[in-house]
Amino acid sequence: MKIKRAFTSVIAGFSIAVGCLAINNLSANAATTQNGVTNDQINQYVNNATLEQKVGQMYVSRTPQDPNQVKNDVSKYNLGGLIVYDADMKGLTQQQFKDKMKSFQDSAQTPLLVGVDQEGGLVSRLTHSGLVQQNGNQFAFPRKQYEEGGMKEVVDDAEKNATLLRSLGINWNYAPDADYSTKPGTFMWDRTFGQGYQQTADYLSKVVPAWQHDNLVASTLKHFPGYGDAADTHTGFAENSKSLTELENQDMVPFKAGMKAGADSVMVTHVIYNKIDPEYPASLSPKINSLIRNNCNYNGVIVTDALEMGAITDFAKEHGNASVDVLAVKAGNDMIMTTDYATGIKEIVSAVKAGEIPESQINASVTRILQLKNKLGLLKPENLMFRKPTNNNNNNNTSTIINPGNTDHKNPSVISGNNSITISGITYNNDKKVAFINGKVSDPAAEGSMIMTATSANTGKKITTAVVGGKGVFAIELPMTNEVQNVKITSDDDSYAAVTTKVEAIKADKPVVNTDQNNKQNSSTEKQTNKQNNSVKDEVNITLNKEKQANSAKKNTQVVSKNINSEKTTVTNPVYKSAIKTNYQGKNVITTSHDSAAHAVAQKSNNNAKVLPKTGTKENIVALFGLAITSTTALFGLALRKKN
């Protein structure tokens, strides 16, 4: 019995070890790649490269539209990879696109990872750009492929598409999608396999090897730890309220299956998981990243989703324009998907030198990146030698000549409908300092691939950009100014006609009126003030006259009120037992007026003035006169008693 248990334990331990080796397959595969480099050569490169060169390898950028800029920047910054979108393919024959990719690789000191979003369906860059003709369900969403042809069709199409991508010069696919959505109509619904968590896990265990067959293309599990039913992060914040236990038992199950199947990379989403890290989006969260390394025991390449998306730009603005590139590295990502590498590389290098990021972490990330490139057969020993950046400004680029007559190029206008941009409205933040131009492009498949740009219609100066989100929706955030702005909205797809809209000016705290209106208003205010002052003056004079009459009637008695020129004069209202202080012509007096206009003047003149309930002036005069007579009579009687 003990022998049987021992044997069972050995078998179990062996199974666990095999599972871990499968998840951590990159190092093993890299070491056995034919015609590549050794791990020792990779380590030597990492030890000898400058910090700037190593950080450059961590960047995968949207491809600039100027081919010469691409070649210069690839060489100058030692970029690790590029992403190609529709704009990089439209108008080209397949051979021209291959030549274009080759020219970029020739400029790279270390060969590039060239990535693409080729999930299928609306996220099919090959067919959507017109570079490749649609062919049945070959480029459909896996959900549709499975419904019509079962798992065999899903796997066969993945294998065919991987071979096609590599033939075009693309070696990294941001697919398959490992998410599961429970609600039809949510942002991620159509892109998911749609058969439940465990069924999705089974699908990934089969489709990952299909995408990665013969090490032609690297696959990517996205969007860790599971997008679920969250909103579109292209246009703003999105949240998920699942607990860690729920994620482990549900959303992370497909990811673990894909990792075990040997997936080369994992993409982290921008969704905020409130019960794990309520502050940082997953792509910037060390807590989420640690789940990949520690919970899933994964040692492949971790890449962020595009940092240009609205969720991340909003986060940066709310955190004092913090460097999201630095935060992404601190979180534990190996590669950063963004376009501002010129700024980001400097920021990350500074953070390393300041001790905020260990250089050993940078070295580990670059090692994983180079091992992936080696597995894909991209590296040769000479690629790990160091050479000076090349300048391609004067090179003539012949690889991007457009040939509209190409038979394998489909007219983009057929794919993109009427190619219109519609502005649905403009909203403003609470302090009216920021405007949000909301709109939609006619092509729903532009999600993630199209960039909208806002420029000043008057000066032509670029203001800001935004990525198109799901169903073609976009939201451009731009600062308001003291003047009304005429803003021109354009797409990086020149088949879309530009539209112009107006953005309000920042409103002052007080309404702005013209000079004539100001003069009239000031004149009216002055007349009203004078009228109020005269009213107060008349009432004060009446009160003082009555006081003088009372004083003249009493001889050898105590004076009830002091002279108006004295520091303070107090007249008590016998009805309300209170007084209102005011300052009239620099003399402190008390008025018994309860007229509302007089109140305003009184309070403006003296902040200590108190407003009494309104009553008639005549009533107050009678009350004061009665008080004076009563006081005089009382004092006169007291004097007679003393005399007697």
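Rings of Phe, Tyr and Trp (its six-membered ring) pair if their centres lie within 6.5 Å; planes under 30 degrees apart count as stacked, over 60 as edge-to-face and the rest as tilted.

Before going on, note that this is a predicted model, where local features need pLDDT of at least 70 and side-chain atom pairs count only at pLDDT 80 or more, while totals for chains, interfaces and linings use all residues. Residues are numbered from 1 along each chain as its sequence is written, and side-chain values use heavy atoms, with hydrogens and water left out.

**Aromatic pairs**

The structure holds eight aromatic pairs. Select Tyr 180 and Tyr 197. Their ring centres are 4.6 Å apart and their planes stand at 65 degrees, so this pair is edge-to-face. Tyr 180 lies in the loop between strand 6 (172-173) and helix 9 (197-211), and Tyr 197 lies in helix 9, so the pair ties together parts that are 17 residues apart in sequence. Helices (H or I, at least four residues) and strands (E, at least two) are DSSP runs, numbered from the N terminus.

Are these two tyrosines buried or exposed? Tyr 180 counts as buried at 19% relative accessibility. Tyr 197 counts as buried at 18%. Buried means under 20% relative accessible area, exposed over 50%, partly exposed in between (1.4 Å probe, protein chains only).

Go back to Phe 193 and Tyr 203. Their ring centres are 4.1 Å apart with planes at 0 degrees, so the pair is stacked. The pair links distant parts of the chain: Phe 193 is in the loop between strand 6 and helix 9, and Tyr 203 is in helix 9, ten residues apart. Phe 193 and Tyr 203 are both buried.

**Charges over rings**

Now select Arg 62 and Tyr 85. The charged end of Arg 62 sits over the Tyr 85 ring, 3.9 Å from its centre. Next, show Arg 143 with Trp 189. Here the charged end of Arg 143 sits over the ring of Trp 189, 4.4 Å from its centre. A charge sits over a ring if NZ of Lys or CZ of Arg is within 6 Å of the ring centre and within 35 degrees of the ring normal.

**Backbone stops**

Most residues other than glycine have a negative phi, and most peptide bonds are trans. Where are the cis bonds to visit? One joins Ala 175 and Pro 176, with omega about 10 degrees. Pro 176 lies in the loop between strand 6 and helix 9. Another runs from Phe 224 to Pro 225, with omega near 5 degrees. Pro 225 is in the loop between strand 7 (220-224) and strand 8 (239-240).

Move to Asp 214, in the loop between helix 9 and strand 7. Its phi is positive, near 60 degrees. Asp 214 is exposed, with a relative accessible area of 65%. Asn 215 lies in the loop between helix 9 and strand 7. Asn 215 also has a positive phi, about 55 degrees. At 28% relative accessibility, Asn 215 counts as partly exposed.

**Last stop: two helices**

Select helix 5 (residues 67-77) and helix 15 (residues 341-353). Their axes come within 12 Å and cross at roughly 10 degrees. That makes helix 5 roughly parallel to helix 15 (angles under 35 degrees). Axes are lines fitted to C-alpha atoms, for helices over the stretch in contact, and angles run from 0 to 180 degrees between N-to-C directions. Show the side chains: Gln 69, Asp 73 and Tyr 77 in helix 5 meet Tyr 341, Ala 342 and Ile 345 in helix 15. Contact means heavy atoms within 4.5 Å.

How values were computed
Angles under 35 degrees count as roughly parallel, over 145 as roughly antiparallel, 65 to 115 as roughly perpendicular and the rest as oblique.
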